[in-house]
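Hi,

Here's the structure I promised to pass on.

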2 protein chains.
Amino acid sequence: MKANIRDVAREANVSMSTVSRVMNKNYPVKEETKIRVEKAVEKLNFSPNTLARSLICQNTKTIGILVPSIDNLFFPTVIKAIEYELRINGYSIYLCDTADNASEEIKYIRSLTGRQVDGIIVIDPKTENMRSGFYEMVGKDIPLVSINGYNKDIDCNFVLNDEANGARQAMEYLLKLGHENIIFVRGKESYSYDIKENVYIKFMEENKLTVQKKIIDVGEGNSYDTVDGTMNIMRKELANLKAPIAVFSCNDLMALGVLNACKKMNLDVPNEVSIIGFDNICISSIVEPKLTTVDQNMYLLGENAAKMLLELIDNNNQKVNRIKLSTKLIIRDSCSNI
Amino acid sequence: MKANIRDVAREANVSMSTVSRVMNKNYPVKEETKIRVEKAVEKLNFSPNTLARSLICQNTKTIGILVPSIDNLFFPTVIKAIEYELRINGYSIYLCDTADNASEEIKYIRSLTGRQVDGIIVIDPKTENMRSGFYEMVGKDIPLVSINGYNKDIDCNFVLNDEANGARQAMEYLLKLGHENIIFVRGKESYSYDIKENVYIKFMEENKLTVQKKIIDVGEGNSYDTVDGTMNIMRKELANLKAPIAVFSCNDLMALGVLNACKKMNLDVPNEVSIIGFDNICISSIVEPKLTTVDQNMYLLGENAAKMLLELIDNNNQKVNRIKLSTKLIIRDSCSNI
């Protein structure tokens with residue numbers, strides 16, 4: 001049977017209100033008494049009923065997090081940062097895996113508001129739910145922060161990366177190394193790939209490299225299958241080209257696919273083929289050679305979103321914020337100069 | 001302002017009890033009325049107060065999950081399985097990242113029982129909390145399942161893998177390929193590495209290969225740094241040996257370190273060095289060559305733990321269960337016969 005506050009009081013030989021004072025730390029209690037209560041708490045494995053407290057205080061000290069897939073190389077780090085930041089501020093998190101499905105997002109949001117969460121963080125929300133105004137509506141009732149999924153027409157709190165700037169740094173680095181034959185590798189429809197492609201096209205035009213421009217779409221761009229998919233496509237593409245070649249990939253999974261294609265074809269990386277990825281997922285630094293890539297600030301995205309949410313809770317959800325984090329090229333071993 | 005049940009009733013032009021019947025699906029309601037209520041619910045973005053219901057029903061439909069680090073290649077898949085299995089049964093999950101710290105585990109468990117969770121799943125619990133009887137005590141008050149962390153002296157519900165059997169399959173496979181110089185690579189103190197080492201030693205003795213026996217401890221065995229750490233150690237070790245060599249590594253991170261060492265030394269994998277990993281983390285199938293490894297059933301561990309927990313909740317925590325899952329060698333491209 002679970003211990004209640006009465007059991008603790010009896011064990012520590014104090015009144016129930018003294019136990020309550022020690023637990024809530026809201027009134028001074030003699031050190032000796034405090035230690036006695038704490039020992040009783042430990043011995044009986046007592047924990048106060050947070051639930052009853054929540055109904056009275058009108059806050060639950062819980063936050064809901066929506067994520068398209070927890071089983072991914074990008075999101076766990078974001079969630080880790082959120083969890084840490086919220087925990088040290090006394091919050092627990094509900095984790096919701098939406099399977100990247102728009103109607104699941106809506107179902108989860110309903111369930112979370114039913115559970116009276118104090119706020120919600122949604123990672124990579126579905127474009128349709130953003131565009132339909134769903135998140136804007138939810139955000140009026142309850143503090144809500146979106147990581148990525150930015151839409152300038154929607155009145156919502158956002159934390160996002162400056163992907164365009166990261167893409168430009170990658171292109172400038174390749175040009176500085178003397179590369180002109182720069183291939184751009186992307187996946188099928190995605191706002192994020194579009195941003196990078198625009199930078200690529202503009203950059204090639206600015207530098208009078210339109211003849212060398214080459215865009216390869218590998219289809220599904222964000223699953224483990226992307227690696228093999230990209231490898232198979234790149235084996236054909238690279239067979240028709242003459243080294244030195246440079247490849248700028250929209251993410252590290254594609255970059256790894258390019259790297260594996262080169263291995264299969266006995267093309268030396270970086271001496272014959274230079275490769276840049278994007279995201280800086282863990283894998284990028286443990287393959288051989290280590291990938292040069294653009295850091296997507298995974299931890300910072302989560303940390304900033306959590307801090308923004310706590311501020312919204314404190315300020316009664318009074319303002320709308322946007323934070324754009326700068327991205328940074330991480331130079332490792334997969335590029336060389338000509 | 002958030003809509004309440006009164007607003008929904010007014011919008012749908014029905015009584016509040018009709019709204020309640022539609023939401024709880026506990027009394028028949030005319031189809032036409034049901035649709036009207038559902039439209040009102042959607043329009044006003046209404047969600048019923050689960051919290052108040054929880055205090056009345058004595059269950060919260062929430063489960064706590066403790067994990068040493070969510071930012072790891074092993075745990076997200078386990079959590080994904082748990083989340084899915086619990087969600088389809090109407091439960092939400094509290095995610096708790098303990099930073100692999102024993103006192104954080106205890107703090108989290110206290111917080112979860114305070115939040116009146118209906119059950120707890122703890123992944124890779126700290127040995128000291130298992131040994132001290134802490135989890136046994138908690139498990140008497142509340143349904144609790146431990147994934148791994150098995151201790152035969154502790155009366156606790158466990159889901160675990162048959163690691164010894166997986167290790168034996170790996171060794172038998174290498175022997176069948178003709179290997180006799182089989183190196184064993186492990187990390188510092190861990191119950192799991194010990195199990196595999198015992199199998200290795202026994203196997204080498206059984207096959208009269210004690211002269212060839214070689215055990216290498218790479219220290220910290222389960223972080224991304226393990227890859228480079230193992231690589232550096234293996235470069236020295238491999239330099240003194242003559243191919244063909246086989247390496248059985250306690251996990252895929254170490255196996256990747258061995259693979260990278262071979263690349264740096266221009267040793268061909270699998271023709272000069274055969275490598276087997278353990279775990280079957282995503283990375284093992286996207287490096288080149290793809291790693292032969294032992295599947296750790298990450299998804300199945302989570303799924304079985306969730307199902308076991310739901311059964312414990314249904315049966316008032318009446319029995320103590322143990323499930324040991326069989327492991328399986330996954331043959332890919334990193335081993336060859338002599």
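Before the rest, some housekeeping. This is a predicted model, where local features need pLDDT of at least 70 and side-chain atom pairs count only at pLDDT 80 or more, while totals for chains, interfaces and linings use all residues. Side-chain values use heavy atoms, with hydrogens and water left out, residues are numbered from 1 along each chain as its sequence is written, and chains are lettered from A and ligands numbered from 1 in the order in which they are written.

On overall shape, the C-alpha trace of chain A spans about 85 × 40 × 30 Å along its principal axes. There are 13 helices and 12 strands in chain A (DSSP runs numbered from the N terminus: H or I of at least four residues for helices, E of at least two for strands). Of the 338 residues in chain A, 55% are buried (under 20% relative accessible area, 1.4 Å probe, protein chains only).

Lys196(A) counts as buried because its relative accessibility is 1%. Leaving out residues up to four places away in sequence, Lys196(A) touches Glu163(A), Ala167(A), Phe184(A), Cys250(A) and Phe278(A) (contact means heavy atoms within 4.5 Å).

Cheers

How values were computed: Buried < 20%, exposed > 50% of the residue type's maximum accessible area, 1.4 Å probe, protein only.
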